[in-house]
Structures are given as structure tokens and as C-alpha cells.
Amino acid sequence: MTALSQMLPDDQVLPDDSPAADLARRLAGPVYQGYAYGYPHKTAYAPLTPPRALTEIWSSEPKRALELYVHVPFCAMRCGFCNLFTTVNTDGDTVARMLAQLAIEAERGAQALGPAQLARMAIGGGTPTFLDPDELDRLFAILADAFGARPASVPTSVEVSPETVTAEKLAVLRQRGVQRLSIGVQSFIDGEARALARPQQRAVVEQTLDRIAAAGFPTLNIDLIYGIPGQTVASWLDSLDAALASRPDEIFLYPLYVRPLTGLARSKRTASAQDIRLALYRAGRERLLAAGFEQVNMRCFRRSGAREAEHARHLARTDGTLGLGCGARSTTATLHYSSEYAVGRGSVKEILAAYLARPPESFSAAHYGATLSSEDRKRAHILLALLEAAGLSRDDYHGAFGTNVIEDVPQLRLLVEAGLAVVDEVCIRLTQAGLERADVIGPWLYTAEVAARMESYAWR
């Protein structure tokens, strides 16, 4: 890939602080710079002073197609790469207390929303199947009582892990009507799993996948990681072939990032002695395309076929997200809010303890988050659409903001000049070179203010 600065005339000098110079520097650096999965990131959040009443937050929001997200902040083990909000070694009554608080939070959230229609539900974490069958059933009962939300009528996805899936838990999920399971396998190679500080055996993973297949869930996603220490193209393709043998409907390919305060960061292990993540990504992409998958974005590959409509419902854009549970994020057009963010074990436990001790009235307000400026709203819209293979619809942007996206964010033209995107009257779409550099393009599109807040975040 030729850097942008090399594509310009020899007599053209880029100011050091120009978007073009910034893009050129980023393109000259590593392909993997930062996963842009939510804008603004939680590291840009701060206490809301004073707290914002949920009724005020949601009063003027469209609520025709909301996402309901529930965060279960528990895992049987903490993987070395994980920087999600989760904890292990819970005390005897911690889960029961969490569910009791979740019921209060759901009730207050439903009151704040008023009449609303759910487009989808997602249960994540952490590991939702850390809960026992009765606790899982209780969780869905809470959602049904508060929102009338039943997976049988609302597309619902649940995250699971190989070591926590039992036939009894799967039976609860099927009885409740859950349509999609997402299982974090990461690698089918036992040595690679150990390198991720994930004591996992391939035989157990395959038994779990057989159990899921027998339960008959309509949609299965498998998560894999590339860039693991010691991983080769051959071992990576072995994992992909093992995943394909289970006939999943989706496969997500995640590059390994070693983030602050994670197990891998504490052990000072790097992604690999030689960074071959791009070669692994390309090999994986070609294997999946040859197997009849289509690329949805840099990470997601979806099997073409009869279940495409079901996938589309899960991936469709929503009006916003109401997040429930310690660690969940809620999003509206002008405010994103959540519990406090942390990665370190001690800090996560402190935040969870504070959540479990919250009085009922506290769940009627948001206490921590980020207010989105008009520019932030535009960037969030652009990032959500541009990093998808389908691209950013110019009409959708105009409908949302009443302006021309190219005029609002002229730096998008630089992506075209660099061969990372193409633009026509309908949309702006990343090229294959752009898709594989989504982790460069995403952070490059952050506003300076958000980037500065993220940079100044004190990891805890």
C-alpha cells in the first residue's frame, strides 16, 4: 500500500497537523491500531454532573426500533486478551443480588422509555451462560415482565463460551426462543488457546459445538482470533476449517490486541514475535469467501443462503440501545451512558460492588457517560456505516442531518485518493484495501476532542 504522502505531487507539502498528513502517518504505521467498535469509546466518558434523568434522556428519542442489551459481568475465567468488563470468582450470592438489581434497573428503564418497540435483544458479557439454568430463566423473566420482551418475537442473540454450555442451559435458551448463539472459541489449537491464557481443549470445544447443533438454534456465530503468539498461516487455517465443519452461519475474525491491564499485557507478551496479522487476515478472508461466505465488514463474514433475512434483522441499525446490567452501555442520539469503565480486576470488583449497593432511585438516572456534539453525532453515523462493506449511504446521511457528507467531512476524499474508498452518487464504500485497514481508518475519523479524552484516560 502506497502511503498517501507518496501519492501527492513532489512539490506539495503536507502541514504536520493536516488530516492528510495524519492519514499518511497512520498508513505508514501498523495496520492494526485500534478497534473502532463504538464511538465515542468508554475511555472518553466522564461523570455526568448533575446526573441526567432517564425520562429526560429518552423523552424525545425515536423508539420504533430499539436494541435491548443486557450485560452479565461474570466469567468462569479471565482470558489473557480480554479487556471487557467482567470478573471471576464471584461470592455465593453475587449472581442473585445482580439479578435483583437488574430487575429494578429494567423496571426503571421501561418506565423511562414509555411506549417503545424492540428491534432486537442481545445478552452479552462476560459470559451469560456462566449463570445456571434457573438464573438464565430468571433473567429472561425479568425482561418479559419489564418490557414484554420475549426472544420468540424479538431477534435475540446470546454469547456463550465452550466451558459453560450445558444441555440444560441450551434447553432454557431454546424454550425462551433465542435464535442466535455466539460462541467465543478463539482457536481450535490447544497451544494457541494456552498462549491466550485460556485453558481450553479442542475436544471440549467440538463437543460443545455438537451440543449446540443438536439443540437446533437457527443461527450460530463462531469467534476466532488471529495474531496469537506462535500462530502460523497453517494453524490459523486449521482453526478456520474446524470452525467451518460446524456449519456456522457467521464467523467473526478478530485481530489480537494486547491492551492495558489485561493478562497478556501483565505478562508482557506481544501479539507475536513477527506481526503476521495482515497475512493471517487475508488468508482467512480468502478461505471464507471460497467457502461461500460474504464479507460484512473487516471482522464479520456471513454464510450466503436461506437464513440471510434472519441475519439482517440482527444486524439492522436501531434507533438506540437501552443497556441493562453493570457494564452495559446505553446509546441515544445525543447521550451515551453506562456504569464506570475498568479493566483491572480490583477496579471491576469495586464498580460491581457499587452497582450491587445502589438504591432503587439511582436507576432512574444516568451518572456516567458522554454528551454527543453535533459533530460527534455525524462521526458516529459515518463510522457505523462506512466500516461496513455495504458502505455509507449518502441519502441516509442527508436524511439524518440535512447536509452533504463529503462537504461535512472533506477528509473522506483523502480515503478515495489513497485507494481506500470509492465514492459515487449513492454511497461511499471502502475498497478491499480500506476494509483491511478499518482499524486505521476508524481512529483517524475520531474528532480531536474525543481522541484527546481517550488519550488522557487513566486505565484502572
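Predicted model: local features only at pLDDT ≥ 70, side-chain atom pairs only at ≥ 80, totals over all residues.
- F363 sits in the loop that runs between α13 (345-356) and β13 (365-371). Its relative accessible area is 3%, so F363 is buried, as the cut-off for that is under 20%.
- Setting aside neighbours within four places in sequence, F363 touches L54, Q101, I104, E105, R108, Y355 and R358.
- The H71 side chain reaches the backbone oxygen of F85 at 2.8 Å.
- Once neighbours within four places in sequence are left out, the contacts of H71 include F85, the glycines G124, G125 and G126, and residues L324, G325, C326, G327 and A328.
- E436 is in the loop between α18 (432-435) and α19 (438-444). At 4% relative accessibility, E436 counts as buried.
- The side chains of E436 and R285 are joined by a polar contact of 3.3 Å. R285 also turns up in the contact list of E436, beyond four places in sequence, together with V31, L278, Y281, R282 and M298.

**Aromatic rings and charges**

- F252 is buried at 14% relative accessibility, while Y254, at 21%, is partly exposed. The cut-off for buried is under 20%, so these two partners fall on either side of it.
- Y341 and Y457 make a tilted pair, 6.0 Å centre to centre with 45 degrees between the planes. Y341 is in the loop between β12 (335-338) and α13, and Y457 is in the segment after α20 (448-455), so this pair ties together parts that are 116 residues apart in sequence. Both Y341 and Y457 are buried.
- Y32, Y226, W236 and Y281 make up one aromatic cluster. Y281 is also one of the residues in contact with E436.
- Two arginines sit over tyrosine rings: R299 lies over the face of Y35, 3.6 Å from the ring centre, and R277 has its charged end over the ring of Y257, 5.7 Å from the centre.

**Empty space**

- Rolling a probe the size of a water molecule over the atoms shows where empty space is left.
- The second largest pocket has a volume of about 570 Å³. Its lining is made of 20 residues, and Q33, G34, T43, Y446 and M454 are the closest to its centre. Helix α20 gives the most to this lining, with three residues.
- The largest cavity has a volume of about 40 Å³. Its lining consists of R78, C82, L261, T262, G263, R266, V343 and R345.

- Most residues other than glycine have a negative phi, and most peptide bonds are trans.
- P50 is part of strand β1 (residues 46-53).
- G126 is in the loop between β3 (118-125) and α5 (133-147), and both glycines are in contact with H71.
- A197 isn't a glycine, yet its phi is positive, at about 60 degrees. A197 lies in the loop between α7 (190-195) and α8 (202-215) and is partly exposed, with a relative accessible area of 38%.
- R247 isn't a glycine either, and has a positive phi of about 55 degrees. You'll find R247 in the loop between α9 (233-244) and β7 (250-255). Its relative accessible area is 55%, so R247 is exposed, as that takes over 50%.

How values were computed. Residues numbered from 1 in each chain as written. Heavy atoms only, no water. Helix = DSSP H or I, 4+ residues; strand = E, 2+ residues; numbered from the N terminus. Buried < 20%, exposed > 50% of the residue type's maximum accessible area, 1.4 Å probe, protein only. Contact = heavy atoms within 4.5 Å. Phe/Tyr/Trp six-rings, centres within 6.5 Å; stacked < 30°, edge-to-face > 60°. Lys NZ or Arg CZ within 6 Å of the ring centre and 35° of its normal. Polar contact = N/O pair within 3.5 Å; in protein donor to acceptor, adjacent residues only side chain to side chain. 1 Å grid on protein atoms, 1.4 Å probe; cavity = no way out; pocket = protein on both sides within 12 Å on 5 of 7 lines; lining within 4 Å. Points joined across faces, edges and corners; volume = space filled by probe spheres on them.
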